[in-house]
Amino acid sequence: MISKTVGASGKDFTTIQAAVDYFIGLGAFTQDGEIILTGGETFTAAANTPLANFVGLNAGAFALTVRGETAARTGWPILTSTNDGAQLIAVNVDGVSFKWLYVDKLSSGNGNTGIRQLKATVDTCDFRMVSGGNETAVDNQGSAATVRNCFAYLKTGTGAKFATAFVNIKNCVGNTVRDAVSGVTNSDAGYFVKNCIFHTCTRGINDAGSASVSDFNDFFSCTNVGKTGGVDYPTMAGWRTASGQDASSIVTDPILVSATDLHLSSGSPCVAAGVAVSGLSLDIDGDTRGTPPCIGADEFVANRNANAFRRRSRP
């Protein structure tokens, strides 16, 4: 495996873009590649410039993974920007995946995206869209993409909800979203949404298409459970009739640790209420998923979750 490192010993690069450019310069991949970001380091996007643009990368049948050094959340690198219209990561090519990243303070204005034009996988990341405008955590542009084991908290203080967590994501599994306009939006047919918590969203699912699968989710305190055929459905009964989905889903307080700590608390109805899904063997903290797993990004572990935010989350 090719391994290039940003900001650590070995073959270093001063920016994420420089590491990406190295892989672009290789031409067609002959094996998988990896860019490892220094644990705990903050990478800040310059005005109107993404931290990395992958256009020109030719991974082909192989993959390039951009990740933190460690699964321990206190050691994840921080990706941030305070610029309007910023894209922290602009992908727009196949074969690029992301893991163990903390996207913090995405904007103080409008139109920001954490990871844009995704065509592969975002796995085990934490999005904190401290925002005053129209933001998106992950935006897929035209190809099947997966987001799993992620937290997404998308509102500042008591302000209005502006952000959509995941746009055009075909496979949205094992995520916890709080305070979003939409938890997941997919204008195409055939989306797959399971084991997700949508907490205090304007709608959990937006634009349900045909041949789609959604179940074992929790839609708590959402103005609308979902929208399909241009119509919002505020009740689970109405949503089930219109969409034919979520027969085993619930509308119950997941009992999160706090408004900003999205771990589950003792007594949560989401504990062991999910269903086994391929690729969901560990949770956002690296804990092994149960049988059945919990709904959401966190697998509740007794005597551990009470201190999870202090020990595992970024400041």
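**Surface, helix and rings**

Author: The protein chain exposes about 11,700 Å², and carbon and sulfur atoms supply 50% of that area. Keep in mind that this is a predicted model.

Reader: OK. How much of the protein chain is buried?
Author: Buried residues make up 54% of its 315 residues.

Reader: And how many helices and strands does the protein chain have?
Author: It has three helices and 27 strands.

Reader: Let's take α1. Which residues of helix α1 are buried?
Author: Helix α1 covers residues 16-25. Its buried residues are Ile16, Ala19, Val20 and Phe23.

Reader: Why do they line one face of the helix?
Author: Look down the axis of α1. The buried residues fall within an arc of 100°, so they line one face.

Reader: What follows α1?
Author: Gly27 does. Its phi is positive, near 75°.

Reader: New topic: rings. How many aromatic pairs does the structure hold?
Author: Five. In one of them, Phe13 pairs with Tyr22. That pair is tilted, with 6.0 Å centre to centre and 50° between the planes.

Reader: Is Tyr22 buried or partly exposed?
Author: Partly exposed. The relative accessible area of Tyr22 is 29%, and buried would mean under 20%.

Reader: Which residues form the aromatic cluster?
Author: Phe13, Tyr22, Phe23 and Phe29 form one cluster.

Reader: Last one. What lies over the face of Trp76?
Author: Arg73, at 5.5 Å from the ring centre.

Technical notes. Residues are numbered from 1 along each chain as its sequence is written. This is a predicted model: local features need pLDDT of at least 70, side-chain atom pairs count only at pLDDT 80 or more; totals for chains, interfaces and linings use all residues. Side-chain values use heavy atoms; hydrogens and water are left out. Buried means under 20% relative accessible area, exposed over 50%, partly exposed in between (1.4 Å probe, protein chains only). Helices (H or I, at least four residues) and strands (E, at least two) are DSSP runs, numbered from the N terminus. The arc is that of the directions from the helix axis to the C-beta atoms. Rings of Phe, Tyr and Trp (its six-membered ring) pair if their centres lie within 6.5 Å; planes under 30 degrees apart count as stacked, over 60 as edge-to-face and the rest as tilted. A charge sits over a ring if NZ of Lys or CZ of Arg is within 6 Å of the ring centre and within 35 degrees of the ring normal. Accessible areas come from the Shrake-Rupley method with a 1.4 Å probe; for residues, only the protein chains shown count as cover.
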